[in-house]
Amino acid sequence: MHAPVVVRNLRKIFYDEGRGEVKAVDSVSFECNEGEVFGLLGANGAGKTTTLRMLSTILTPTSGTATIMGHDVVSSAQGVRKNLGFYSATTALYPRLTTRETIDFFARINQYPADLVEQRVEYLIDRFGLAKYADARIEKLSSGMKQKVSVARTIAHNPSILIFDEPTVGLDVLNALDVQETISELRSEGKTIIFSTHIMSEAQRLCDRIAIIHGGHILACDTLAGLRDTTQQHYLEDIFVLYVKAGQETV
Amino acid sequence: MNFKDIRVLYWREIRSALRDRTIVTNSILLPILLYPTIMWLVYTGITFVSGQNEELKSRIMLKEIPAAHEILKKEFEGDKSIVLVHSPDPAADLRNATLDAIVEFVPPKSIQATDNDFATRISYDESRDASNRARSRAGQKISRYRENYLERQALKLGLTRAQFQNFSIDERDVSTGREVSAFVIVLPIFFIIMLAVGGMHPAIDSTAGERENSTWETVMTTATSRANVLVAKYLYVATMSFTAGFLNLFAMIFCMGTLLAPLFGNNSSLRIPIQSSPVVLIGAVLLALFVAAGMMILASFARNYKEGQSMISPFYIALIVPVMFLQTPGLEFTPRIALIPVANVMMMIRDAFQGVYHWRSIGITLAVETACVVLALRVAMLVIQHEDFMMGSYSGGFGKFVKERWATKRHKDHKNPL
């Protein structure tokens with residue numbers, strides 16, 4: 001049986017007018033198991049977002065393969081997107097739709113059974129405590145509420161795989177904790193979650209396994225305990241710095 | 001292509017648009033309210049100006065009036081819009097604008113003239129409105145006095161009015177109502193402007209606006225094809241463009257029928273023939289599809305609303321230029337003109353309003369416009385295959401994009417000739 005997410009030698013090269021060819025992601029490989037939170041830990045520009053954008057079919061890989069629930073990200077992009085919920089700071093909501101309309105739209109367009117959409121919308125409104133704001137336009141909501149609606153729209157079609165790309169960026173502590181709690185709940189429901197962050201405490205708290213990514217390469221991939229054993233360091237921050245420095249020396 | 005997805009995406013776009021103040025104003029309210037507002041303003045202005053003119057009194061000096069024509073002087077005195085003044089130097093006063101006109105009796109030019117015959121001269125200043133008005137008022141008064149005077153003289157000679165007026169002019173208008181209507185020519189011009197205005201904001205909103213709001217990436221991660229997303233957006237922009245044009249036409253027809261026609265004695269030329277509807281409708285649909293395609297291709301290169309506006313502006317102007325063709329007097333809708341996009345639809349609609357149908361030219365027009373729409377969509381499909389364009393990371397407009405990709409392709413072909 002295949003893992004829900006399989007990534008093999010994924011590469012992405014951009015062409016930049018000033019810098020020429022830029023290897024944003026270079027031979028990245030990993031697998032995510034069912035019901036686990038897989039963390040991609042890296043500094044800004046490490047290649048986290050590019051990797052996740054390739055997995056969500058927004059970008060096409062230069063080479064390598066990736067499959068989501070058995071669907072190839074290049075040849076079966078729609079199949080991938082049907083099984084995937086993608087959340088990032090760059091995936092905003094339509095400001096002029098209401099909360100209810102937003103969830104309804106994303107459920108329908110992501111192929112959730114039409115006769116069950118209404119029921120699903122009401123369930124999500126109830127689950128995220130959005131009843132009071134169900135008919136308010138998104139543009140009128142507070143940042144915390146918008147973030148809740150964003151998570152609701154990400155799981156509107158009940159996908160098996162969820163990608164959260166730095167979901168707590170720009171949120172205050174309480175809202176960030178809310179997101180973390182939601183991710184924990186989703187894991188307990190059996191969802192496979194890929195979670196990217198540059199915040200060590202978040203990775204430490206949420207991730208079952210952590211991949212340290214730097215300069216487009218995955219430098220290490222293990223459980224927190226495994227990483228501690230390998231490096232003989234206790235704090236994730238120290239582990240991360242150790243790998244990044246070793247990676248830079250190798251380069 | 002999945003029509004169910006297109007429908008969901010399309011209604012999402014429409015719903016958002018109908019909640020946007022700029023789009024509602026430009027695509028719905030402006031087309032409806034523009035003409036009634038313009039007409040109301042024009043008529044209020046005309047009424048105000050003519051009312052002002054009526055109240056202004058003309059300062060006229062009567063110079064050397066013979067005793068035999070004292071009645072004329074009394075008529076001037078009895079007119080409330082005229083003030084008779086006396087000046088020691090009327091010519092200077094006329095130049096200084098303290099006097100509006102001088103009426104004087106001069107000896108008749110004819111050598112057969114009798115003692116009672118007369119001639120008058122009105123001196124005025126053409127450059128001043130008040131002076132022109134005074135000339136007109138004095139002229140009307142003298143003409144009326146002259147007619148009565150001649151009639152009296154004729155009666156004295158034993159001539160009846162019929163015998164006296166043995167030369168008359170009888171006017172008869174042989175043109176059809178449609179031909180005389182200049183208003184019908186104006187309709188298609190405003191129609192194309194409104195189609196463009198109606199499509200402009202939706203085109204920017206659905207492309208550059210989505211990038212600016214970061215919703216572009218959200219829709220790109222949904223489980224539908226990119227082609228479906230683009231088709232839905234395209235249909236949405238075309239709908240808004242068509243709606244603006246249609247509402248505008250409706251408002252114009254309504255204004256002409258209810259406001260203008262009564263003012264012109266219920267002139268039927270101010271009403272659009274119902275038989276022209278199919279041709280007008282087809283023209284409007286084709287034009288809306290063309291406008292939507294052109295505007296979306298350009299606006300989708302923009303990364304924010306402002307950039308979108310500046311990228312669309314040249315296309316907007318290019319749309320208006322062919323409309324100038326209609327201003328040429330006597331221009332006919334020939335097959336050659338039918339080859340010019342936009343102008344051909346304008347001519348087709350203009351003729352249809354006048355009840356004229358050049359079927360060969362109409363056929364060519366439909367073929368040309370359809371080809372333009374297909375070509376524009378083909379370009380759009382080629383453009384969306386480029387990742388940097390889709391992601392909004394490309395910096396530059398359509399022209400630069402085409403030039404760069406063309407150069408890259410040539411470079412590759414040169415390296416790998418096989």
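Contact means heavy atoms within 4.5 Å. The views below show a predicted model, in which local features need pLDDT of at least 70, side-chain atom pairs count only at pLDDT 80 or more, and totals for chains, interfaces and linings use all residues. Residues are numbered from 1 along each chain as its sequence is written, chains are lettered from A and ligands numbered from 1 in the order in which they are written, and side-chain values use heavy atoms, with hydrogens and water left out.

**View 1. Chain B meets chain A.** Chain B brings 29 residues to the contact, and chain A brings 31. The size of an interface is often given as the accessible area lost when the parts come together. Here the two chains bury about 2800 Å², 53% of it on carbon and sulfur atoms. Buried area is the accessible area (1.4 Å probe) that two parts lose on being put together, summed over both.

**View 2. Polar links between chain B and chain A.** The chains share 15 residue pairs in polar contact, both residues at pLDDT 80 or more. A polar contact is a pair of N or O atoms within 3.5 Å; within protein, one must be able to donate a hydrogen and the other to accept it, and residues adjacent in sequence count only if both atoms are side-chain atoms. Which elements of chain B give two or more residues to the side that touches chain A? They are α1 (3–17), α10 (216–220), α16 (387–391) and α17 (398–415). Helices (H or I, at least four residues) and strands (E, at least two) are DSSP runs, numbered from the N terminus. α1(B) gives the most, with eight residues. By type, this side of chain B divides into seven nonpolar, nine polar and 13 charged residues. Ala, Val, Leu, Ile, Met, Phe, Trp, Tyr, Cys and Pro count as nonpolar, Asp, Glu, Lys and Arg as charged, and the others, Gly among them, as polar.

**View 3. Salt bridges across the chains.** Five salt bridges join chain B and chain A. Each is a side-chain nitrogen of Lys or Arg within 4 Å of a carboxyl oxygen of Asp or Glu. R96(A) pairs with D20(B) at 3.1 Å, N to O. E217(B) pairs with R53(A), with the closest N and O atoms 2.7 Å apart. This pair runs from helix α10 of chain B to helix α1 (residues 48–55) of chain A. Both E217(B) and R53(A) are buried. Buried means under 20% relative accessible area, exposed over 50%, partly exposed in between (1.4 Å probe, protein chains only).

**View 4. A salt bridge between distant parts of chain A.** The side chains of R209(A) and E36(A) meet at 2.8 Å, N to O. R209(A) sits in strand β9 (residues 209–214), and E36(A) in the loop between β2 (20–32) and β3 (37–41), 173 residues apart. R209(A) counts as buried because its relative accessibility is 18%. E36(A) is buried too, at 7%.

**View 5. The largest nonpolar core.** This core has 126 residues; F164(A), I210(A), L236(A) and M295(B) have the most contacts inside it. Its largest share, 14 residues, comes from helix α12 (residues 277–299) of chain B. A nonpolar core is a set of buried Ala, Val, Leu, Ile, Met, Phe, Trp, Tyr and Cys residues joined through side-chain atoms within 4.5 Å. Among the residues that F164(A) touches are Y87(A), V151(A) and I183(A).

Technical notes. Lists of a residue's contacts leave out its neighbours within four places in sequence.
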